[in-house]
Amino acid sequence: MPDDARLPAAETLPILIAPHATLKTKARAVGPADDAAVRDLIPRMFATMYAAPGIGLAAPQVDRLLRVVTIDLMPNDKPAPLTLINPEIVAASQELATREEGCLSLPGQYADVTRPARVKVRYLDETGARREVEGDGLLAACLQHEIDHLDGVLFTDHLSALKRNMILRRLAKEQRQKREGR
Ligand code: NI
């Protein structure tokens, strides 16, 4: 967890674990009426993400069906928080890249996912300013993974049915064992 005075202290939120209907639901765009809710939500999403710990979190994962994403890849172990409101992929490379992905909503589960190697994303930042971010490598995978969450898509949806079911069954079994304290 980064010790950074710029990040306001906020309470964490419970993270939804798959399978959950909210994780499969498309989130709605943030509008002017959501201002107060989003201002309250963003620091709590960062607190939740850092505590997990994770490098990306989408609002549906904390039971808010709004198009809000927080990302921090912590380059050189320094915080670099990125807030994306209403993010949209406006360009994606033909070239694909495969990386191992995990997800805070599928704890302990990892699989190789193939996606466009480079993407450009348009979004509003936490002040409402229009911005663009372009990236490859981990950032490209993370942007696509988190934007997928806003459309009710999990990384397992990019896998074969066989692999997806294997992961979901293993997760269900591990969650059951955890609940039973085994
Ligand atoms: Ni995820």
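This is a predicted model: local features need pLDDT of at least 70, side-chain atom pairs count only at pLDDT 80 or more; totals for chains, interfaces and linings use all residues.
Q: How many of the 14 residues of H2 are buried?
A: Buried means under 20% relative accessible area, exposed means over 50%, and partly exposed is in between (1.4 Å probe, protein chains only). Among the buried residues of H2 are Leu139, Cys142, His145 and Leu150. H2 is largely enclosed by the rest of the structure because its buried residues come to twelve.

Q: Which strands do the buried residues of H1 pack against?
A: H1 runs over residues 35-51 and reaches 25 Å, close to the expected 24 Å. Its buried residues include Val38, Leu41, Phe46 and Tyr50. They pack against S1, S2 and S3.

Q: Is Glu101 buried or exposed?
A: Glu101 sits in strand S4, which covers residues 96-101. Its relative accessibility is 6%, so it counts as buried.

Q: Which side chain makes a polar contact with the side chain of Glu101?
A: Contact means heavy atoms within 4.5 Å, and, not counting residues up to four places away in sequence, Glu101 touches several residues, including Tyr110, Arg115 and Phe155. A polar contact is a pair of N or O atoms within 3.5 Å; within protein, one must be able to donate a hydrogen and the other to accept it, and residues adjacent in sequence count only if both atoms are side-chain atoms. The partner of Glu101, at 2.9 Å, is His145.

Q: Which side chain does a polar contact join to that of Gln61?
A: Gln61 has its place in the loop between strands S1 and S2. At 1% relative accessibility, this residue counts as buried. Leaving aside neighbours within four places in sequence, its contacts include Pro14, Leu23, Cys103 and His149. The polar contact is 3.0 Å, and the partner is Ser105.

Q: How long is the polar contact between the side chains of Thr98 and Thr114?
A: Thr98 also lies in strand S4, and it is partly exposed because its relative accessible area is 48%. Leaving aside neighbours within four places, Thr98 is in contact with Asp112, Val113 and Thr114. The polar contact to Thr114 is 2.7 Å.

Q: What is the volume of the largest cavity?
A: Rolling a probe the size of a water molecule over the atoms shows where empty space is left. On a 1 Å grid over the protein atoms alone, a cavity is a set of points where a 1.4 Å probe fits but cannot get out, and a pocket is an open set with protein on both sides within 12 Å along at least five of seven lines; lining residues have an atom within 4 Å of a point. Grid points are joined across faces, edges and corners, and a volume is the space filled by probe spheres set on the points. For the largest cavity, the volume is about 60 Å³.

Q: Which element gives the most residues to the lining of the largest cavity?
A: The lining includes Ala97, Glu101, Val113 and Gln144. S4, S5 and H2 each give two or more residues to it. The top contributor, with four residues, is H2.

Q: How many charged residues are in the lining of the second largest pocket?
A: This pocket has a volume of about 440 Å³, and among the lining residues closest to its centre are Ile55, Gly102 and Tyr110. Here, Ala, Val, Leu, Ile, Met, Phe, Trp, Tyr, Cys and Pro count as nonpolar, Asp, Glu, Lys and Arg as charged, and the others, Gly among them, as polar. The lining has twelve nonpolar and eight polar residues, and the charged ones number four.

Technical notes
Residues are numbered from 1 along each chain as its sequence is written. Side-chain values use heavy atoms; hydrogens and water are left out. The expected span of a helix is 1.5 Å times one less than its number of residues.
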